[in-house]
Structures are given as C-alpha cells and as structure tokens.
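Please work through the exercises below with the sequence and the structure in view, and try each task before you read its solution.

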Amino acid sequence: MADSGWQDNEFDDNELNDFKSKSQVKRELQAVRALAKTLLSLPDKDLDKLPLDDVLRGAITKAQSMTQGALKRELGYVTKLLAQTDVEQVETAMEKLKQRHQGEVAAFHQIEQWRDNLLADDGEQLSQLYQQFPELDGQYVRQLIRNAKKEAQQTKPPKSARLLFQYLKTLSTE
C-alpha cells in the first residue's frame with residue numbers, strides 16, 4: 001500500500017472537535033458585535049444590572065456619546081472587550097432584562113384593560129377588582145369613573161381617566 005503522507009493518529013478527536021471554520025468564527029464575532037450594539041443602546045440603569053467589568057462598562061459609556069466614525073471605532077473596541085469576557089453570561093443577563101420588561105408591559109396592558117372596562121360601565125370588572133384588591137376605595141373609583149365620562153362628553157383632557165389608571169397601578173404594585 002502506498003503511503004499518502006496522511007496518518008490517522010496525527011490528530012486526535014478533541015482537536016478535530018475544537019476546530020472552527022473561518023465562517024464559524026466570523027458568525028460568532030458578528031453575534032458579539034450585535035450584542036455590543038445592543039449594549040450601546042441600553043440606558044445606564046439597565047447597564048448597571050449586567051455583569052460587565054469596569055473597562056468594558058467605561059468603553060460602552062464613552063461610545064454612547066460618540067457619532068459616526070468615532071462610534072464605529074469604539075464599537076470595534078467594545079466588541080473586542082466583550083469577546084474577551086463571558087459573552088454567555090452577559091446574554092443571559094440581557095435575556096432576564098428583556099423578560100422583566102415584557103412582564104412590566106403585560107402588567108401595564110392589564111391595568112389599561114381594567115380602566116377601559118371600568119369606563120365602559122362594566123360593573124363586573126369593579127366587583128372583580130374588589131375581590132382582587134380588598135383595600136380598593138370604591139367611592140373614589142366610582143367618582144373617577146363619573147368624572148372621566150363627564151370629561152369625555154365635554155371633550156376635555158382625560159384627567160380622571162389618567163388618575164384612575166394611576167390609582168389602579170398603585171393597587172397592583174402593592
């Protein structure tokens with residue numbers, strides 16, 4: 001048998017499994033760059049909740065105030081720093097932030113639905129709220145409903161509807 005120069009024992013299985021193609025490396029770097037862009041768009045209060053080291057956090061804060069060419073260069077720097085950290089940990093924390101935000105939006109929509117049902121003369125909604133929130137001030141809620149309807153008829157700004165929303169919001173957060 002002729003020797004082809006290739007020997008089976010030249011590479012072990014672990015080295016073959018660790019090999020990444022150039023395309024795979026590029027895809028991973030593009031994902032890190034996309035995460036860096038997302039980090040640049042976050043407000044400071046959300047950045048504080050992420051596991052970022054001081055150097056990376058400083059670079060993100062610096063880049064947020066930049067425009068065009070400088071921003072592009074700083075984005076490359078932030079991407080490089082981010083690639084050197086535990087990206088999966090940052091992505092997990094970002095996902096938790098996103099889920100919490102989605103929960104807040106759902107609660108907001110629920111409160112809007114309660115207000116709209118109350119303003120649409122839904123007596124059942126009021127009784128459900130009494131059951132859910134025993135501390136509900138029924139007299140105050142009925143007064144806000146009457147005032148909101150009056151404001152709607154007179155085409156005034158919906159001050160009472162806003163107050164009703166705020167009251168329901170404080171009840172649901174207690």
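The exercises that follow go from the whole chain to single residues and their partners.

Before starting, note that this is a predicted model, in which local features need pLDDT of at least 70, side-chain atom pairs count only at pLDDT 80 or more, and totals for chains, interfaces and linings use all residues. Residues are numbered from 1 along each chain as its sequence is written, and side-chain values use heavy atoms, with hydrogens and water left out.

**Exercise 1. Describe the secondary structure of the protein and how much of the protein is buried.**

Step one is to list the elements, where helices (H or I, at least four residues) and strands (E, at least two) are DSSP runs, numbered from the N terminus. The protein has 9 helices and 0 strands, and the pattern along the sequence reads α-α-α-α-α-α-α-α-α.

Step two is to look at burial, where buried means under 20% relative accessible area, exposed means over 50%, and partly exposed lies in between (1.4 Å probe, protein chains only). Of the 174 residues, 29% count as buried.

Step three concerns contacts, meaning heavy atoms within 4.5 Å. Among contacts between residues at least 6 apart in sequence, 57% join residues at least 24 apart.

**Exercise 2. Find the salt bridges of aspartate 44 and aspartate 48, and state which residues form one network.**

Step one is the criterion: a salt bridge is a side-chain nitrogen of Lys or Arg within 4 Å of a carboxyl oxygen of Asp or Glu. A search of the whole structure finds 3 salt bridges.

Step two takes aspartate 44, whose side chain meets that of arginine 57 in a salt bridge at 3.8 Å, N to O. This pair links distant parts of the chain, since aspartate 44 lies in helix 3 (residues 44-47) and arginine 57 in helix 4 (residues 54-64), 13 residues apart. Aspartate 44 counts as partly exposed because its relative accessibility is 40%.

Step three takes aspartate 48, which also forms a salt bridge with arginine 57, here at 3.2 Å, N to O. Aspartate 48 has 55% relative accessibility and therefore counts as exposed.

Step four turns to arginine 115 and aspartate 116, whose side chains meet in a salt bridge at 3.3 Å, N to O. Salt bridges that share partners join Asp44, Asp48 and Arg57 into one network.

**Exercise 3. Is arginine 115 buried or exposed, and which residues does arginine 115 touch?**

Step one places arginine 115 in helix 6 (residues 87-119). Step two reads its relative accessible area of 18%, so arginine 115 is buried, whereas aspartate 116, at 38% relative accessibility, counts as partly exposed.

Step three lists the contacts: not counting residues up to four places away in sequence, arginine 115 touches Ala161, Leu164, Phe165 and Leu168.
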